[in-house]
Amino acid sequence: MKEKTILKLKLNSDPRWVDIASKNIEDILVDHAYCEQKAASTGISLIIKYPEKTRLVEELTALVAEEWEHFARVLQELRKRGHELGRPRRDEYVVQLMSHVRKGGARERQLMDQLLVSALIEARSCERFKLLWKHIPDPELSQFYYELMASEAGHFVSYVDLAKEYCDAQEVDARLQELLKIEGEIVTNMPVRDDRMH
């Protein structure tokens, strides 16, 4: 359970998710593509909002490039299977998690929340990728998700480290625990869907 120690998630995904997701892989791949696109967009928006924070700009520039590469790779998997990208879907999980980014107050506090929420999204994606790697019957996709799993874990660590670069480490750890509890509650209360990565 090494990855659970790294990711610190309070709750594992419902085991039914991977069973129904593997039967509806086109929708999962489409949703995954948009998750990668949104992750890249989030990194870009943070760079634009905090251009004076040199380490953040450097690290998120690399992260954005990686997320966009993942987007291209998911598109390739869709094309290989004769599917199109399709339209974006509302990611209720992300919407609910983002609603806990505190508004107002110190600029650094807002940055901390944005970084930690991004970290949790990466952590949940990593956990879902692991499920797909271990259980999906398509060997090519299984390998694909194995490769992406480690990358998402690294993104989680990067976001938390950046939060500690610009905010007090103890405050970051305390807020991370609060958000982990909230994230677990969100996952508990969401229906198990066959067309969503989260």
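The structure is a predicted model, and the values below are computed from it. Helix 6, which spans residues 107-135, takes part in the helix pair and also gives residues to the linings of the largest pocket and the second largest pocket.

**Helix 6 and helix 7**

- The axes of helix 6 and helix 7 (residues 139-166) come within 8 Å and cross at roughly 160°, which makes helix 6 roughly antiparallel to helix 7, because angles over 145 degrees are counted that way.
- The crossing of these two helices is left-handed, and the residues of their contact divide into 22 nonpolar, four polar and four charged.

**The largest pocket**

- The largest pocket has a volume of about 440 Å³ and is lined by 22 residues, of which Lys38, Ala39, Thr42, Val94 and Ile121 lie nearest its centre.
- Two or more lining residues come from each of helix 3 (25-49), helix 5 (92-98), helix 6 and helix 7, and helix 3 gives the most, with nine residues.
- By class, the lining of the largest pocket holds eight nonpolar, seven polar and seven charged residues.

**The second largest pocket**

- The second largest pocket, with a volume of about 300 Å³, is lined by 20 residues, and those nearest its centre are Arg128, Met190, Pro191, Val192 and His198.
- Helix 2 (16-22), helix 5, helix 6 and helix 8 (169-189) are the elements that give two or more residues to the lining of the second largest pocket.
- The lining of the second largest pocket divides into seven nonpolar, four polar and nine charged residues.

Conventions:
Residues numbered from 1 in each chain as written. Predicted model: local features only at pLDDT ≥ 70, side-chain atom pairs only at ≥ 80, totals over all residues. Heavy atoms only, no water. Axes fitted to C-alpha atoms, helices over the stretch in contact; angles between N-to-C directions. Helix = DSSP H or I, 4+ residues; strand = E, 2+ residues; numbered from the N terminus. Parallel < 35°, antiparallel > 145°, perpendicular 65-115°, else oblique. Left-handed = near helix turned anticlockwise from the far one by under 90°. Nonpolar A, V, L, I, M, F, W, Y, C, P; charged D, E, K, R; others polar. 1 Å grid on protein atoms, 1.4 Å probe; cavity = no way out; pocket = protein on both sides within 12 Å on 5 of 7 lines; lining within 4 Å. Points joined across faces, edges and corners; volume = space filled by probe spheres on them.
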